[in-house]
Amino acid sequence: MAEQLLAIAVDLARRAGALVAEGRARAGLDRARLNVQSKSTPTDVVTAMDRASEQFLIGELRRLRPGDAILGEEGGPQAGSTGVRWLVDPIDGTVNYLYGLPQYAVSVAAEVAGRVVAGAVHNPVSGETFLASAGGGAWLAAPDGPDRRLRVTGCTELAQALVSTGFGYSAADRAVQAVVVAAVLPQVRDIRRFGSAALDLCFLAAGRVDAYYEHGLHAWDYAAGGLVAAEAGAELTGLHGRPPGEELYVAAAPGVAPAFFALLTGLIARPDRHPAES
Ligand code: IPD
């Protein structure tokens, strides 16, 4: 079943990716043509193409898998009766999309009985599709070569670890996230902020970073990428050893995971230093 769901996730992520990339190319330098509106804060934006992409994904899922539940970023949850739930992010990295930066993706994941079993993250600019099924490994399908099995890095020293992270849209959360990142930065090789949580997790899987953390994500941001990272051998944790999730998502190559988790736990133990505890 996971393989069937994965085939749908890959196909839909690619077709929605083509749709949003065409919309971006049509707008060119004229951002007003993307019809941008604010959501939770003035910096949290949605474009007409986020909505069009989500409508496409939901329409296709309704046609292909009637009865499945769906949770999308831009619409309300849709209940189902089959035990399968789809988590779709029509554009993860909307701010990059708006500015014409190449780090954005469509993310499609399928859960069975609350557990993610298949996920695809497609970047239409690079043409890369990161995909995974539970127990089936993590893979990168790219236009320039055969499919490649993904494996996290063998990094063993926190001081050598390249760490990616992201920031929320609320100014109050960001003020605390800035304190945390300031404490992490001197302990690691460097920090990256790519602007798409789904791609951050896939980059961890592909060995492009050694670790990733973020507070305040939503399930559609991490569902597919989290499975890709886990299937590539990443260790994952959340707040106080709970599963990774919206309050805190931490993922790392096994060689640095203990030290990285301890570093973040140390920061979290000081409530003034982490929004998840404020
Ligand atoms: C955002 C991106 C970003 C992360 C934010 C997310 P969106 O998703 O994944 O990297 O730092 O927390 O909200 O708004 O582009 O779909």
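I count a polar contact as a pair of N or O atoms within 3.5 Å; within protein, one must be able to donate a hydrogen and the other to accept it, and residues adjacent in sequence count only if both atoms are side-chain atoms.

The model is predicted, so I note that local features need pLDDT of at least 70 and side-chain atom pairs pLDDT 80 or more, while totals for chains, interfaces and linings use all residues. Numbering runs from 1 along each chain as its sequence is written, and side-chain values use heavy atoms, without hydrogens and water.

A backbone N or O atom of Gly-195 lies 3.2 Å from a ligand oxygen. For Gly-93, a backbone N or O atom is 2.7 Å from an oxygen of the ligand. Asp-92 places a polar side-chain atom 2.8 Å from a ligand oxygen. The protein buries 97% of the 380 Å² that the ligand exposes taken alone (Shrake-Rupley, 1.4 Å probe).

Next, the shell (a heavy atom within 4 Å). I find 16 residues around the ligand, with Tyr-169 and Glu-214 among the closest. Five are nonpolar, five polar and six charged.

Where does the ligand lie? Domain 1 (2-149) and domain 2 (158-277) both give shell residues, so it lies between them. These bounds come from an automatic or database assignment.

Conventions
Ala, Val, Leu, Ile, Met, Phe, Trp, Tyr, Cys and Pro count as nonpolar, Asp, Glu, Lys and Arg as charged, and the others, Gly among them, as polar.
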